[in-house]
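Hi,

Here's the model I promised to pass on.

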Amino acid sequence: MAKILLTGASGYIGSHTLLSFREQGYTDIIAVDNFSNSHPEIYDRIAAISGMPVKHYNVDVRSDAFETVFTENPGIEGMIHFAAYKSVPESVEKPLEYFENNVSGLVHVMQLCKKYGVKVFVFSSSCSVYGNIDVLPVMESSPLNPPESPYAASKRIGEELLQSWAGTGAGIKIINLRYFNPAGAYKNGLLGELPLNRPANLVPVLCANALDPGTAFTVFGTDYNTPDGSCIRDYIHVSDIADAHVAAFVYASNSADTTFFRTYNLGSESGTSVLEVIRVFSEENGVTLNYTLGPRRSGDVEAIWADCSLALAELGWKPRRSLGEIMRSAWQWTLNYTKS
Ligand code: NAD
Ligand code: WQD
């Protein structure tokens, strides 16, 4: 089995993807993370679930020390690059930090991939590259409207750099994955999102509120042109996203195209409103949530969901886990880690 390097491996999606690769029989995996938004204990949880320790490096992908990972582990074939900053509001406060990590960091990873002969590169992009869309569902061929945040701009630039690089016949096959709204946790709640910062995404906000309903959270906007007035998003189970990386790696590995560059949407293909998410979370978990209806949040698009037929046709991937499973696993994980 190929040797794979994951950057951002102790983060939310990286850790689930590490498990998906292991479940598919990949044992030669190297994890890199600087713990700027994650905890080293995530590796212990992965080891406990998979019965195998995680070979990992505490390094920043922008540093010279990152090269040591390649010299100490010759023959890396696959690069799965998650390491980046990911908060939309924080990117508005600190745009240059986002450009430096998400763009300069990416370029450094590309340089080392070139130097050490990596064959396949999988990039974490985002539905935010579509900007304010006009036609739903969104397809990979849908126009990319101006980015609504520095974060979205950093992902769009990353995509363009990678596509341009592939087009030169650099000899590295590149898959660009646009995630919609990843949520939920590994089965039985054994692994999940453990960020350092206060949660801002909807499902972690619901979990925090269910745990401590003392302070109400806000539903951002109930005057949108949607059936119940709240925003619509495409929530996709994080383990489905993780599985797609394995399928993408295999698909790219098998291609003989020297300019290989493909983009895929990863979503559930259905839109769910904020108020529906709240209802499903409460019903599935038997909890009462404390919320108020508030004004719109700046920068939010009204509704977005994905068409994923390309990933189904080419990668043979489709989401297998339901919205209910997303909500149950997220809550079970919250209960598990707050007890431990
Ligand atoms: P995360 O913050 O949980 O994971 C990212 C990991 O990268 C963290 O563990 C962090 O410590 C690490 N990291 C950041 N900069 C680093 C650096 N310079 N060197 C080494 N490690 C570094 O985020 P996530 O949700 O797992 O997201 C993973 C990727 O997917 C990111 O590129 C993100 O932009 C993208 N993405 C996430 C979402 C989402 O909603 N979670 C949606 C679309 C795209
Ligand atoms: C979902 C919905 C909020 C919190 C962002 C990025 C996207 C991707 C996923 C990285 C929205 C509403 C939220 C709250 C609320 N990330 N909400 N009250 O903004 O759709 O997407 O994260 O790439 O690129 O843009 O996700 O979870 O923040 O919000 O009403 O306390 O929940 O307004 O409608 P978002 P989210």
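Which helices and strands each supply at least two residues of the shell around ligand 1? They are α1 (12-23), β5 (120-126) and α6 (150-167), and β5 gives the most, with 3 residues. Helices (H or I, at least four residues) and strands (E, at least two) are DSSP runs, numbered from the N terminus.

Some housekeeping: this is a predicted model, where local features need pLDDT of at least 70 and side-chain atom pairs count only at pLDDT 80 or more, while totals for chains, interfaces and linings use all residues. Residues are numbered from 1 along each chain as its sequence is written, chains are lettered from A and ligands numbered from 1 in the order in which they are written, and side-chain values use heavy atoms, with hydrogens and water left out.

Back to the ligand. The shell (residues with a heavy atom within 4 Å) holds 28 residues, the closest being Asp33, Ser38, Phe82, Asn101 and Tyr151. By class that's 12 nonpolar, 11 polar and 5 charged (nonpolar: Ala, Val, Leu, Ile, Met, Phe, Trp, Tyr, Cys and Pro; charged: Asp, Glu, Lys and Arg; polar: the others, Gly among them).

Now the polar contacts (pairs of N or O atoms within 3.5 Å). The side chain of Ser38 has a polar atom 2.7 Å from a ligand 1 oxygen. On its own ligand 1 exposes 820 Å², of which the protein buries 96% (Shrake-Rupley, 1.4 Å probe).

Cheers

Note on methods: A polar contact is a pair of N or O atoms within 3.5 Å; within protein, one must be able to donate a hydrogen and the other to accept it, and residues adjacent in sequence count only if both atoms are side-chain atoms.
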